[in-house]
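Visitor: Please give me a close look at one packing contact. Then place that contact in its surroundings.

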Amino acid sequence: MSTEISSLTATNQERENWATHLKRRVRWGESAIESSLFLVGVLTIFVTIAITIVLGDQALLFFADPEVTLVEFFTSTKWQPQAGQFGIWALVSATLTTSAIAILVAVPLGLSAAIYLSEYANPRVRAVLKPILEILAGIPTVVYGYFALLFVTPILRSIIGPDKIGVYNMLAAGLVMGIMILPLISSMSEDALSAVPNSLREAAYAMGATPFEASTQVIVPAALSGIGAAVIVGISRAVGETMIVAVASGATSNFTFNPLEAAETMTAHIARISGGDLPYGTVDYNSLFAIALMLFLVTLVLNLISQWIVTKFREQYE
Amino acid sequence: MQPQNSQYAIETRDLSIFYGPFEAVKDVNLKIEKQKITAIIGPSGCGKSTLLRAFNRMNDFVPTSYVKGEILLHGVNLYNKEIDPVEVRRKIGMVFQKPNPFPKSIYENIAWGARINGYKGNMDELVEQSLRGAALWDEVKDKLKQSAYALSGGQQQRLCIARAIAVQPEIILMDEPASALDPISTLRIEELMQELKKNYTIIIVTHNMQQAARVSDYTAMMMLYEDTRSGTVIEYDKTEIIFTRPKDKRTEDYVTGRFG
């Protein structure tokens, strides 16, 4: 009883001492770190916004040109700047075709590799295989481009017939692009699969699931958010990939979805034209920005679609 | 031929379990009675879970683990080379310490196991029957399509029990099934176990002395060898004997809380 009273009636001196002791301190280091982190964050957002503004600004100039109409841009299937024809679909079709082939190659193979590495391979096999797979990601894309042109295309031509498939074609470019993004997809998917709690794995096996049943029906659905993110990044890489398609898929705009034909993608077109000596301010010059904006849009739409698919089918664990 | 074979659900003979060079469990001989609840008790790290997981070959997932000796189910050694662990787990179900329902609907949680086990009958009936068997039906019958994660911890654990009985195993292993639950949920699980033993043999690992005394018919007391740090069963008997007049002094010290 007496101790309680004495603790309640601290002397002024004691109270002052404690107040000083517990006083809020200024921590300069903390403040400095917080502000610099904030600045870096703002900078990245600023750069993104700046790029969008420049793109939009120049694209506006393009659409303001009397030679161009918005309707033509979005409906026509002919892209011939020399003839004043600006139909974006001629370029979009090639981008979509090569990207679709790439995704059709990379997603099944990448996901299978990820399932093998995460669910089947023993730790030693995994320690060897994973780095090898990741080396694929380190090959420069221009090397992939020549690999497509000088190795894959001749094989395709001997299988399908040289009269049916040309020296430049979207199939070889798409296939090789698929190989390029495969390690990305497998590596990200593998991370997502490994992040699924072991308790779910145990639950599945304790029910008498085979490894295949456990992986495909419990673990993959639980990891679908992460796998979806991998596919989204993969799609963005494919749509934005330039060197492979520039080298292997041809340099003439061509509205077609036939992978055996040559066609120029949006990226390859931008690379080819901007490498030349286009006078500043001409329609041709401004058209590059309109294509770039379209590229932005295509990537965005594909991302939204994949995101929607993922939220529809994923199984969320807490 | 062993005439008493029919009395036992499962039996271990000189069972030792290794993780690499480390002998985690040594020389265990247990005959588990059919349709009874057998508790495995003992201090932390004495190999209770390891022993439990040997019954349905869950230890197979630890790459370096292996066993010596035998575990006999209907006279067949489950560790024979030609035995398929997947089939073993279909006969011997398991409920884990932390409720681990699948991130699927309540309905799917139960239907999935039945489906992969080749169940061809009426799924709605089986789901209802399993949920009733786990005393969960009345609470979830209106929300079968909802995620299992919407349930409370205790309900999730009963869902895991429902899921286990949906594949109609003979034995259900429970690894501290109530240790993550509040006292009321714990009581419900214990009541449920009394119902379940009419049809199933239950082996439960528990840290909770009172729980072992309350729910089990038989108790196996495990302890570590001081020198090798291997766990073994030092006494195995009817639960009332283990808790009232154990033969081993160490058992008595442990169950009366005078240990260590």
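Guide: Start with the residues. On one side are Ile106(B), Asn109(B), Ile110(B), Gly113(B) and Ala114(B) of H3(B); they meet Leu159(B), Ala162(B), Arg163(B) and Ala166(B) of H6(B). Contact here means C-beta atoms, placed from the backbone, within 7 Å. By class, this H3(B)–H6(B) contact holds six nonpolar, two polar and one charged residues. Nonpolar covers Ala, Val, Leu, Ile, Met, Phe, Trp, Tyr, Cys and Pro; charged covers Asp, Glu, Lys and Arg; the others, Gly among them, are polar.

A word on the model. It is predicted: local features need pLDDT of at least 70, side-chain atom pairs count only at pLDDT 80 or more, and totals for chains, interfaces and linings use all residues. Residues are numbered from 1 along each chain as its sequence is written, while chains are lettered from A and ligands numbered from 1 in the order in which they are written.

Now the geometry. H3 of chain B spans residues 106–116, and H6 of chain B spans residues 153–166; their axes come within 8 Å and cross at roughly 30°. H3(B) is therefore roughly parallel to H6(B). The cut-offs are under 35 degrees for roughly parallel, over 145 for roughly antiparallel, 65 to 115 for roughly perpendicular, and oblique for the rest. Each axis is a line fitted to C-alpha atoms, for helices over the stretch in contact, and angles run from 0 to 180 degrees between N-to-C directions. Helices (H or I, at least four residues) and strands (E, at least two) are DSSP runs, numbered from the N terminus.

The contact between the chains takes 21 residues from chain B and 20 residues from chain A. On the chain B side, helix H2 (85–91), strand S6 (92–95) and H3 are the elements that give two or more residues. That side of chain B divides into 11 nonpolar, five polar and five charged residues.

Step back to chain B as a whole. Chain B has 10 helices and 10 strands. Its C-alpha trace spans about 55 × 45 × 35 Å along the principal axes. A compact globule of 260 residues would have a radius of gyration near 18 Å, and chain B agrees, with 18 Å. The radius is taken over C-alpha atoms, and the globule rule is 2.2 Å times the number of residues to the power 0.38. Buried residues make up 47% of the 260 in chain B. Buried means 20 or more other C-beta atoms within 10 Å of the residue's own, exposed means 12 or fewer, and partly exposed lies in between, again with C-beta atoms placed from the backbone. Among contacts in chain B between residues at least 6 apart in sequence, 69% join residues at least 24 apart.

Helix H11 (residues 224–240) and helix H14 (residues 283–313) of chain A have axes that come within 9 Å and cross at roughly 165°. H11(A) is therefore roughly antiparallel to H14(A). This crossing, too, is right-handed. The contact of H11(A) with H14(A) has 10 nonpolar, eight polar and no charged residues.

Conventions. Two residues are in contact if their C-beta atoms, placed from the backbone, lie within 7 Å. A crossing is left-handed if the near helix is turned anticlockwise from the far one by less than a right angle, and right-handed if clockwise.
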